[in-house]
Amino acid sequence: MTVLRFILATLVTIALLYVLDHRVQVGENTLPPLGKFFSPQHGFWLNAEPVGVRQTQREITFNHLDGDVSVIFDDQMVPHIYAKNDRDAAFAQGYVSAMLRLFQMDLSTRAPLGRLSEILGERTLEYDLGQRRKGIPEAAERLAASWQSDPVVQPLLQAFTDGVNAWISDLDSRQYPLEFKLLDFQPEPWTFIKSAGFIMAMNETLARTAHDIPLSNAYQIVGPEEFAFLYPWKNPHDIPVIPDTTEVYPAHLQSAASIPDQQWGYQDWLPESDAGIGSNNWAISPVKTRDHLTMLCNDPHLALTLPSIWLEMQITTPQNSSYGVAFPALLGVSIGFNKNAAWGFTNAGHDVMDWYSIHWTDSQKTTYLLDGKETKAVLRQEIVHVRGREVPVVDTVRFTVWGPVPNLKAGTSGADLAMHWLPLLDIDNKMALAFSQINQAKTVDQWLAPLQSYDAPMQNALFATATGDIALRVSGKLPIRNGTDGRLIQDGSQSSVGWTGYVQDQDNPWVINPIQGYIASANQQSTDSTYPFPYYGIFEDWRGRYLNQQLSSKDSLTIEDMMALQADNTSLFAVEALPLYTSLLNSSSLSDSQKTMLNSLNQWKGKYDALNTMPLLFELWHGQIDSLTWDELYAARDSIPVEIPEEWRLLDLIKMTPENHWFDLQSTSKIESAADIVTLAFKRAMTAFTILSSEGKGSWSTFKSTDIMHLARIPAFSAMDLELGGNRFALNAITSTNGPSWRMIVELGPENRAFGIYPGGQSGNPGSPYYRNFLSTWQKGEYRSLRIRSKEEAEEEGHLLTLTMKKQ
C-alpha cells in the first residue's frame, strides 16, 4: 500500500509539474503554463499597478539620439514629448507607444500579415490563409522595401522603429504585458513590415467597400432595367460633401460608365465592410460662430476596442507642437491640432476594389486567358506557422495582371475572381510621413502638400486655421474606369476593361471657405452631379443630410453646440420613415394594445436614447417592411450573396409607387400593396417587441447591447453591455460594436480651446488604473480638456512620470 501511495503521489506530482510548465488545452481554450503565470516573481501579479502613485525622474541613455529628449506623462498618463528634432521625436514616440501599448501593436500587425496562428494556433488558420491569399503580406513587403530605400522616409521611420525596439530590448519576462503571459509568447522586434502591415489593416477597414459580387448577382436576378432603378449610382436626396463643383472643375474628360449587358453569378466572396464604419467631421468659419473663431470637429466611427485604437499624446520640437491622437503603430498625430490649425479625417467611401473573372487554361490554374493569349500567373508560396503543429502550412497564392485570386474554386470548371485593389498596387511611400507632415501645417497650402502623396484609403481630409480658413479635400487615388461599371464583376480576359489611370491630384474634389460658412462630412457622396469624373462607393444617406440641416439652420455656434451635435441620437431616417409608414398603416385592423403602442411611437421624435423603447419597436417594424418588400432577394440570399436596395430607395418606392410589384409577396396568392406590407410588418413587429420586452430587452440599449471587447476577445478585460444610445444613422453612430472612437472639438484663436475623449485609457495593461479610466466620461457624452503645454508648464503641473532620454 505504501508503494502504491508513493507511485500515485509521484504520478500526481509529475502531472502537476507538467501543467505548471506547459500549455494545457481545456475545451476550446488554451491555458498558459500555470506555474509561470501565477509565479510571484514572473506572473500576472507584476502587471497590477496601484492608483495615484507619483513617480519621479527616470533617466535612460540611448545611442540612437541626436540630443536629449524629455517625456512627461501627465496625471492621465498622456505623454508630452519634447525633442530637439523630428528624428528624436520619432524615436520617443516609438518608445512610449511600445511602453503603453506593446501587445496591441503586436496583435494589430500580426492580423493583417496573416500571422495570428503563430500565437493562437488552429483557430485562426483560415483567417491567416485568407490574408495571405489577398496578397496583403506581399504588398506590405513592397511598401516596407520602398521605405528602406527612401532617403526622406527611412531616417524617421527607422527612428520610430528604434524607439519601439529600445523598449522591447529592455524587457525581461517579468515585465511582459499581461497578454504575452496569458498567451505564452514573447515580444519580437519591430520592423518596417509591421508598420506597413498596420497601414494595410487600415485599408482593409476603410477601403474595402466593394459590393461587386452581391450586386452582380442582383443584376442577374432583377435584370438591367430594374437594376438601374433599384441600385442607382447616387442618391438624389443627398447633400454632398463638396457643395458645388461647377466653379472648380471643367466639365469634360469622361462620360458616365455604362452597365454591361451580362454578368456572372458567384457564391464565393469576401465579406463586405462593416456598416458601422464611418465618421463625422465638420469645420465652421468665424462668420457662423458666437465668438467669431474657427471650429473643427471630428469623431471617427471605428470598431470599439480595449485598449482603444487611439493613443493620446503631444509632440513638441523647436519647429512645432502638435496634440491629438495617434495610431500606436504609426508615426505622427493622426487627428489633432497645433497652435495654428486643426485637422481631421472621415472615410470617403469610394470603391477602389474591382473584381475580374479569370478564365484558366490549365487544370493547375497557373495560366489564364488575357486578350486571346495564355498568360502565366505569378505563384507566391506562403508559409504559415501554426502553434501546435510541427510542420507549417504551405499555400500557393496566384497573382494575375489584375491582382491575387483569393478564393480558388474546387475543380477546374468555371471562373475564379481576381481582386484589383488600390492598396495592393504601388502606394506612394511618402504616405508614411503624411500625418507627421500635416502636424506642422499652419496654412491650407502647407496642409495640401502632404496630401498629394496620400493614396489610400480615400479620406475626407479636413483642415481649419486660426486665421479663419476652412478646407476639405477628398484625398487618395480615384480610379478612372474605361466606360465600365466597376460595381459589377468584369471580364478579366480583356485588358480593355481595366483602369486607365487615376484622376489627377489637382482634380480631386476639394473646397475652401465655401459661402455657406461651414463644411460637413459624414461619409455621404463627395460631389454633386457636376463633377466630371464618374465614381461610386458605399455612401451614407442620412447623417450627412442631418448634419447639414443642423449647421445651416443655426448661427452663433458654440463649443457646447458642437458637443451636443456629436452626442445627437436623432436618426433622420426614422424621422422621415415613421410618418410615411404610419400614413399607410391600416389601423382599423389593429388590436387595442397595438393601437396604444402605435400612438406612443407616433409621439417619438426619432431619438435613439438608451432607455427608450420606441427605437426598438421602430427598428423591428422597419426590418419587417424591408424583408417583406424584398422577399425575392432575401430568398436568393439563402444560397448566394445578393445586395439589398438601400433604405432611401425603399422609402421612395413606398412614397412614389405604393402599388409596385415589389410589394407583392411571393408566398401568397393575393397581390399586396405597400399598405398591406406596412400593416403586416407592424403586427409582426409588435409580436417580436412583446417577446423582447418580457425578456427584459425592451429598451434600445439592452437590445443593441454595445460591447467594447478586448483585442484578444477576453471578456474579463472588456466592457460589456454598456448603457448607450445612438444608431448608425445618427451622428452619435454607436452600434453593438462600433462608434465614435475619438471625439474632438477644437476652437482656434489667440488661445486655442480643445476638448476630446475616447472610450478607454492610455495604458494597454488591464491591471492599470489608466486602462479604461476615460470610458465613463465618454459614455456620458462628456469631454476632457486638451491643451498644448510647454515643457515648463508640464513640469510644474501634476504628472506621473518624467523620462529623460539622454544621448549616449
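1. Cavities, to begin with. On a 1 Å grid over the protein atoms alone, a cavity is a set of points where a 1.4 Å probe fits but cannot get out, and a residue lines it if it has an atom within 4 Å of a point. Grid points are joined across faces, edges and corners, and a volume is the space filled by probe spheres set on the points. By this rule there are five cavities of 30 Å³ or more. The largest cavity holds about 310 Å³ of space.

2. Some ground rules before you go on. This is a predicted model, where local features need pLDDT of at least 70, side-chain atom pairs count only at pLDDT 80 or more, and totals for chains, interfaces and linings use all residues. Residues are numbered from 1 along each chain as its sequence is written, and side-chain values use heavy atoms, with hydrogens and water left out.

3. What lines the largest cavity? It has 24 lining residues, and Met-202, Leu-206, Phe-327, Phe-435 and Tyr-454 lie nearest its centre. Helices (H or I, at least four residues) and strands (E, at least two) are DSSP runs, numbered from the N terminus. At least two lining residues each come from α9 (192-206), β6 (278-284), β7 (294-303), β12 (341-347) and α11 (434-438). The lining splits into 18 nonpolar residues, six polar and no charged. For that count, Ala, Val, Leu, Ile, Met, Phe, Trp, Tyr, Cys and Pro are nonpolar, Asp, Glu, Lys and Arg are charged, and the others, Gly among them, are polar.

4. Now have a look at helix α19 (residues 647-656). Eight of its ten residues are buried, so the helix is largely enclosed by the rest of the structure. Buried means under 20% relative accessible area, exposed over 50%, and partly exposed in between (1.4 Å probe, protein chains only). Among the buried ones are Glu-647, Trp-648, Arg-649 and Asp-652. The cover over these buried residues includes α10 (212-230), α15 (572-584), α17 (614-629) and α20 (674-694).

5. How many salt bridges does the structure hold? There are 34, a salt bridge being a side-chain nitrogen of Lys or Arg within 4 Å of a carboxyl oxygen of Asp or Glu. Take Glu-204 and Lys-134, whose closest N and O atoms are 2.6 Å apart. This pair links distant parts of the chain, with Glu-204 in helix α9 and Lys-134 in the loop between α5 (125-133) and α6 (136-148), 70 residues apart. Both Glu-204 and Lys-134 are buried.

6. Two more pairs are worth a look. Arg-110 bridges to Glu-118 with closest N and O atoms 3.0 Å apart; Arg-110 is buried at 3% relative accessibility, while Glu-118 is partly exposed at 24%. Glu-797 pairs with Arg-787, the closest N and O atoms being 2.6 Å apart. Here both partners are partly exposed: Glu-797 has a relative accessible area of 29%, and Arg-787 sits at 34%.

7. Last, Gln-524, in the loop between β25 (518-521) and α13 (543-552). Is Gln-524 buried or exposed? At 0% relative accessibility, it counts as buried. Its side chain reaches the backbone nitrogen of Ala-522 at 2.6 Å, and a polar atom of that side chain lies 3.3 Å from the backbone oxygen of Ile-239. Leaving aside neighbours within four places in sequence, Gln-524 has contacts (heavy atoms within 4.5 Å) that include Asp-238, Pro-240, Phe-539 and Asn-548.

How values were computed:
On a 1 Å grid over the protein atoms alone, a cavity is a set of points where a 1.4 Å probe fits but cannot get out, and a pocket is an open set with protein on both sides within 12 Å along at least five of seven lines; lining residues have an atom within 4 Å of a point. A polar contact is a pair of N or O atoms within 3.5 Å; within protein, one must be able to donate a hydrogen and the other to accept it, and residues adjacent in sequence count only if both atoms are side-chain atoms.
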